Amino acid sequence: MPNPGSIAGPVASLINEFSKLPTVGPKTAARLVFYLLNRPRSEAQSLAEAILAVKDRVRLCSICFSITEEDPCPLCTDERRDRSLLCVVAEAKDIYSLERTSAYKGRYHVLGGLISPMDGIGPGQLRVKQLVDRVGSERPQEIVIATNPNAEGEATALYLSRLLVPLGVTVTRLAYGLPIGGDLDYADEVTLAKALEGRRTL
Amino acid sequence: MRLSWLALSNVRNYAALDFHPAPGLNVFIGANAQGKSNLLEAISLLGTGKSFRTNREADLIASGFQSASVSGGAHVRAGSVNLSCTVTATSRGTRKAYSANGRPVRYAAFLGTLNVVTFVPADLQLIAGAPSGRRRVLNGALAQEQPLYYRDLVRYQKALAQKSALLRSADEPDADLMAVYNETLVAAGTALMLARDRFVTAANAEAGRAHAAWSGGRETLELRYEPNVPYEIPTGEAIGAALAQRLRAAAAAERARRIPLAGPHRDDLGLLLDGRSLAAYGSQGQQRTAVLALKVAEYTVMHQRTGEAPLLLLDDVLSELDADRARAFLEGVEAYEQAFVTATHLPHDLPQSRVFTIEAAVLREIASTARARAC
């Protein structure tokens with residue numbers, strides 16, 4: 001890490017700001033800053049403006065709680081999307097992953113996190129009530145729970161299914177198992193056991 | 001299995017070490033604080049990803065450095081495998097990375113490649129100590145032997161921590177959420193209990209056999225699985241039903257006391273001599289002998305079940321035993337393929353072994369004997 005005393009104040013302060021970002025350490029931060037120093041002013045300006053625009057113009061959709069510029073968001077207003085399917089994700093970024101597949105044509109609901117009492121996050125801290133209300137008013141046929149396959153994602157999925165199944169809706173969750181193009185030889189025992197548990201008829 | 005080479009980098013007092021152990025017995029002699037235990041600790045890190053001495057993993061990193069790394073090559077039944085474990089200091093503690101044959105692997109996949117059984121002086125307090133120490137013996141052996149046991153243990157512990165937090169958070173915690181955690185506790189807990197039951201049954205036979213040989217059949221040692229939630233027969237169905245029923249029955253008391261009261265996190269391993277509790281009635285000597293038998297059993301059962309002899313790590317423990325017990329122990333684990341032993345003085349009557357001195361983290365071979373004698 002550069003010695004803070006030996007470097008111009010604005011440079012040190014930008015390195016400091018960059019290194020607060022996830023996955024960016026002090027070395028990467030320094031590389032980014034020295035890269036920007038060598039670029040034209042216009043490029044730095046458009047980066048700065050893009051960052052501010054994210055904060056100023058993006059807000060949460062009042063229906064699905066995804067991030068959007070207009071409320072309701074384009075995914076919620078798009079009439080071509082299947083109203084009988086509702087996919088529950090933890091974070092708005094998960095919508096981005098699912099949309100890249102082009103395999104899902106329904107709507108979304110963003111919980112805003114996963115249940116974890118250890119971290120002070122109970123159902124009340126997430127948009128669970130809003131989900132139950134939507135199931136009541138929009139009457140989807142199937143809820144697809146797309147939380148991560150870890151302990152918190154699993155508990156959240158089981159909890160939601162306890163709330164939603166009595167409402168007369170089918171609740172499903174994403175399958176666990178082997179990656180496509182993978183090789184049984186290289187699958188760890190735990191994943192392989194999960195895949196075996198979740199086997200299906202051909 | 002057998003370790004063919006071991007390399008240390010910035011691990012405790014070792015700046016760098018490149019060591020080629022022999023098959024059989026490797027004995028390290030040296031004064032205190034020269035690095036004998038550190039060497040065994042490094043081997044255990046390669047096997048279990050954990051230190052047998054400390055929970056403060058930052059202590060493993062030599063002072064003034066950012067990371068410590070242990071790598072080694074092992075001959076296992078499937079062929080030869082190169083393993084490494086690197087501990088790196090971070091702003092929030094430490095981070096560990098594992099690799100097998102040069103590819104990064106997750107801990108769950110790393111564990112169980114190179115199995116180790118450790119025996120340290122603190123183990124001699126196992127019988128008089130708290131149940132957590134005896135549960136650690138069961139968990140340590142089973143997690144190395146069965147990857148799925150480790151998965152279930154982690155699942156159980158995570159769900160238990162969440163349930164504890166939920167109980168603390170409110171007088172009337174969300175009943176649906178409580179049911180979700182209890183469901184996970186029953187599923188994972190049943191698997192743990194079933195595996196523990198079978199392990200203790202197998203270990204009981206081995207410990208009894210070893211003990212009978214040493215006592216000339218005058219005393220009978222029994223290991224007994226003492227589950228917190230009793231059940232009729234050791235099947236998944238019976239255990240699952242008993243555990244679910246007990247959690248339902250304990251629900252009100254758990255809410256009142258705000259802690260999880262029932263389940264395999266409160267299991268114990270009972271050791272009895274002629275039907276009487278060793279913790280309550282056993283002499284120091286009887287307790288020591290029983291711990292030796294328990295360690296022989298741990299070793300033998302792992303050997304039988306994995307089809308491979310684990311590495312045996314004996315840290316400064318032979319000196320805690322009288323000559324008869326030390327010899328009895330080494331005879332009990334006769335089938336060991338490779339063992340690492342530290343001592344301040346060369347023990348009497350060791351089987352064929354290679355002997356090294358360790359002084360200020362420098363290894364020097366002093367003898368390779370058919371039968372090393374005390375110096």
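Chain B and chain A bury about 1700 Å² between them, 64% of it on carbon and sulfur atoms. Buried area is the accessible area (1.4 Å probe) that two parts lose on being put together, summed over both. Arg151(B), Gln162(B) and Val180(B) supply 28% of the area that chain B buries against chain A, more than any other three residues. The model is predicted: local features need pLDDT of at least 70, side-chain atom pairs count only at pLDDT 80 or more, and totals for chains, interfaces and linings use all residues. Residues are numbered from 1 along each chain as its sequence is written, chains are lettered from A in the order in which they are written, and side-chain values use heavy atoms, without hydrogens and water.

Now look at the partners. Contact (heavy atoms within 4.5 Å) links 19 residues of chain B with 20 residues of chain A. There are 3 salt bridges between the chains. A salt bridge puts a side-chain nitrogen of Lys or Arg within 4 Å of a carboxyl oxygen of Asp or Glu. One joins Arg151(B) to Glu197(A), at 3.8 Å from N to O.

Helix 4 (147-169) and helix 5 (175-215) of chain B each supply at least two residues of the side that touches chain A. Helices here are DSSP runs (H or I, at least four residues), numbered from the N terminus. Helix 4 gives the most, with 8 residues.

Helix 5 of chain B also holds Glu206(B). Is Glu206(B) buried or exposed? Glu206(B) counts as buried because its relative accessibility is 11%; buried means under 20% relative accessible area, exposed over 50%, partly exposed in between (1.4 Å probe, protein chains only).
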